[in-house]
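Q: I would like to learn how to read salt bridges and a nonpolar core in a protein model. Can we go through one together?

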Amino acid sequence: MALPLALLVPALAQDAASPDVAAPIEFPVVTQDQVLAACTAADATEAGCKAVMADYFAYLQQINVAGPDLEALIAALVVALAQADVAPHIKAIVIAAVEDIGTKYATGEQAAAIMQIAYTMAAGGTIKTGALGVSGA
């Protein structure tokens, strides 16, 4: 025999009114150097690179890095990746990482400049990072 709806509603309302609050998720400290290592090592994989990069940006978000500070960190990472001396088979991973930054983490003019860097890297051209506001290649 099913319980009448009137008996179920108060029980559901009581559960919803006092839910257990989960502790906030704390991301481990991830540095630019760790991203570079994951993306430029001789045994790097695209999935591994992007996973560490996602952890890096999640960490930055957790510690409330935003605005010009975030843009500066994004630019520094892109320049470091673009300047990395990597084996030909790792270059595609680095290019994919730069594209990922340009599409997921950067916005506006910075995103456009990062995508141009990725296209230039893929074409084997000379990288110009001046549009990012960071001295580099």
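Predicted model: local features only at pLDDT ≥ 70, side-chain atom pairs only at ≥ 80, totals over all residues.

Q: How many salt bridges does the structure hold?

A: Side chains of opposite charge can pair when their charged atoms come close. The structure holds 2 such salt bridges.

Q: Which residue forms a salt bridge with lysine 50?

A: The partner of lysine 50 is glutamate 46, and their closest N and O atoms are 3.0 Å apart. That counts as a salt bridge because the cut-off is 4 Å. Helix α3, residues 46-62, contains both lysine 50 and glutamate 46. They are 4 residues apart, about one turn of the helix.

Q: Where do lysine 104 and aspartate 100 lie?

A: Both are in helix α5, which covers residues 88-105. Lysine 104 and aspartate 100 are 4 residues apart, about one turn of the helix. They form a salt bridge in which the closest N and O atoms are 3.3 Å apart.

Q: Is aspartate 100 buried or exposed?

A: Aspartate 100 is buried, because its relative accessible area is 6%. Lysine 104 has a relative accessible area of 56%, so it is exposed.

Q: Which residues have the most contacts inside the largest nonpolar core?

A: Leu81 and Ile101 do, in a core of 36 residues. At least two residues of this core come from each of α2 (32-40), α3, α4 (67-83), α5 and α6 (108-123). The helix that gives the most is α4, with 8 residues.

Q: Which residues does isoleucine 101 touch?

A: Residues up to four places away in sequence are not counted here. With those set aside, isoleucine 101 touches Met53, Phe57, Ile74, Leu77, Val78, Leu81, Ala106 and Ile114.

Q: Why does glutamine 110 count as buried?

A: The cut-off for buried is under 20% relative accessible area. Glutamine 110 has 12% relative accessibility, so it counts as buried.

Q: Which residues is glutamine 110 in contact with?

A: Apart from neighbours within four places in sequence, glutamine 110 is in contact with Glu71, Ile74, Ala75 and Leu132.

Terms used:
Residues numbered from 1 in each chain as written. Heavy atoms only, no water. Salt bridge = Lys/Arg side-chain N within 4 Å of Asp/Glu carboxyl O. Buried < 20%, exposed > 50% of the residue type's maximum accessible area, 1.4 Å probe, protein only. Core = buried A, V, L, I, M, F, W, Y, C linked by side-chain atoms within 4.5 Å. Contact = heavy atoms within 4.5 Å.
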